[in-house]
Amino acid sequence: MRVRAGLMMLVLGLAVTLVACATPPTADIDAVKTSISGAEAAGAADYAADSLKAAQDAQAALDAELKAQEGNWMKSYDKAKTLAAAAKAAGEKATTDATAGKEKAKADAAQGIADAKAALTAAQELLAKAPKGKGTAADLAAMKTDLETAATTITEAEAALGSVKYLDAKAKAASAKAAADKVTADVEAAKAAKKK
Amino acid sequence: MRRIDRHRRVIATGVALALLAAVSAAGYSVATRRRAAMQAAAEAARHALREARAEDAMTWASDQLRLAERASADALTRQRIEETRLWPIPASDEVVAAWAAAEQAATLARVFAHDRRLAAVADADQRISEARAAVSWSGALADNIHLGPKRRFLAQAKQALSEAEVYRGAGALVAASDRARQAADLATQVRELAADIAQRYADADNIARWQRWQRETIEWSRREGRAAIVVVKDAHTMTLYVRGEAVKRYSVELGFNWIVDKLQEGDGATPEGRYRVVKRMDNLSSEYYKALLIDYPNADDRAEFSGFRRRGELPPGARIGGLIEIHGSGGREQDWTNGCVAVTNAEMDEIYPRVTVGTPVTIIGSDSYGPIAEFANRQRRDAGHRRP
């Protein structure tokens, strides 16, 4: 009888010791950190802010769980493992979203620059063919200055694209295109007025 | 006796079990209520945090948002500690208080972000509006005052304004304000350049000289009993005098760069000086209906041109130019000539018979302290105020 009671006490003691000595899922936690750092490095703050925030929230939930378990006598990290898996997945999604967002912003900026260049070329060709003479000299000189400035702005847009400043590149390209389009419209209007 | 004891034991056990059940039920009820309170407080805080983020607190109230997120993480940790405790009834007061603190911090972040974003929107819109007005005003000025290569400042101002509008559309309010400010600054530079050019119209010596030329021309007409012409550039008028009396005043169109005195060929300026008609051309020999050719460049113009050349202030190959006329084909409501004075063909028909070779044609910048002088001086005063 005494032997049986002793054995039971031993089994119970071992179980309690095993549960109390459960260790945090370090590998899972590190994977979460790596996943979220990767998202930040991929530019998630600028290009996938919502996804990054979701990943950071998931990490905060994991941290809370780990802290809660730290203070417990009977530790269990099952929920922490589940939370870590969710946070890691959220971090990976933020990385994917950031990469896609960045690529889209880059493509938009590049397209904007291509459009601006096309508009500039069209305006330059039209201006070269515009009738010259008394009464048009000042207007032609002003339009030429506008196109020279637009060309400089396109160069700045390309530099911004190279420096991964996609919104700057897009804004500069759009303003250069607007200037070139205005010259085209003005020359066309002058030609139409002359025909009347 | 034994039966009575057993009966009592059964009753006692029953009472004990009933008490235990009652206590358990009460405990369960308390635990459920407390858990619900914690969940409700957590949900309220999370909702407040979501609203703060939706208001873009990350951009406009990042410090406050960070505090709220930290408070939220702290509350979550406290809640999980209570939820994982062995004792089944959680101590919820501190947890609820922690969530309430997180909610309060998030609400503060939302309010800050909302106010700051609205202020930034208002600032960007205000600056864009000011820049639009400045660029438009400078554009109108540049259409009247030829800036030459320095017109690029206007082109740059327009581009900066256009960029500001793109940033505003993308919600990049700080960048929008910055670019709009640059646009307004560039537009101001255009105004200052124009004011430098216009400054000669505010110069008392210039005005006195021009008034003297005008007076002497009218006197000559009276004394000689003949016709004379006075062109006032800033007023865009040409007055025909006969025997010293103003017979008729015409609106005229001038060189595209009329505001300066003509110095060289191709500058688009209308010359200032005392000239005479040297040739009358009918509509068969003139490109612009009928024309009265004047003797630009005269001796004063040649001396001025030589002075500029000596000082190296002219580009290589610059020529003084000529062929300045009063001619027809006008009525275009803009200054379009290369320096000539244009009127309508009907007006030319009126003037032509009254003018002979030798008729004086005096061209002056202004006959009074006019709006251009006022603009130049006001700009100078404003520039003085802007300087630190």
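Start in helix H6 of chain A and select A:Lys144 and A:Glu148: the two sit in that helix four residues apart, about one turn of it. Show their side chains and you'll see a salt bridge, with 3.2 Å between the closest N and O atoms of A:Lys144 and A:Glu148. Keep in mind that you're looking at a predicted model.

Next, color the two chains separately and pick out the contact between them: 33 residues come from chain A and 32 residues from chain B. About 2600 Å² is buried between chain A and chain B, and carbon and sulfur atoms give 59% of that area.

How many salt bridges are there between chain A and chain B? The count is four. For one to zoom in on, select A:Lys53 and B:Glu69, whose closest N and O atoms are 2.9 Å apart in a salt bridge. Polar contacts between chain A and chain B come to seven residue pairs, counting those with both residues at pLDDT 80 or more.

Now hide chain B and look at the side of chain A that touches it. The elements giving two or more residues to that side are helix H4 (49–70), helix H6 (137–162) and helix H7 (166–195) of chain A.

Bring chain B back as a cartoon. You'll find an open sheet of eight strands with mixed pairing, ordered S3-S2-S1-S8-S4-S5-S6-S7. Which strands are at the edges? Select 245–251 for strand S3 and 341–342 for strand S7 of chain B; each pairs on one side only.

Then pick helix H7 of chain B, residues 204–224, which packs on the sheet. The strands touched by this helix are S1 (227–232), S2 (237–242), S3, S4 (273–281) and S8 (360–364) of chain B, and its direction makes about 160° with that of S1(B).

Move along to strands S5 (residues 291–294) and S6 (residues 325–327) of chain B, which run antiparallel and are joined by three bridges. For a close-up, B:Leu293 has B:Glu325 in S6(B) as its bridge partner.

**Two backbone stops**

Follow the chain out of S5 to B:Pro297, in the loop between S5 and helix H8 (299–310) of chain B. The peptide bond joining B:Tyr296 and B:Pro297 is cis, with omega about 0°.

Finish at B:Leu323, in the loop between H8 and S6 of chain B. Check its phi: B:Leu323 is not a glycine, yet the angle is positive, about 55°.

Definitions and conventions
Residues numbered from 1 in each chain as written. Chains lettered and ligands numbered in written order. Predicted model: local features only at pLDDT ≥ 70, side-chain atom pairs only at ≥ 80, totals over all residues. Heavy atoms only, no water. Contact = heavy atoms within 4.5 Å. Buried area = accessible area lost by both parts, 1.4 Å probe. Polar contact = N/O pair within 3.5 Å; in protein donor to acceptor, adjacent residues only side chain to side chain. Pairing = 2+ DSSP bridges. Axes fitted to C-alpha atoms, helices over the stretch in contact; angles between N-to-C directions.
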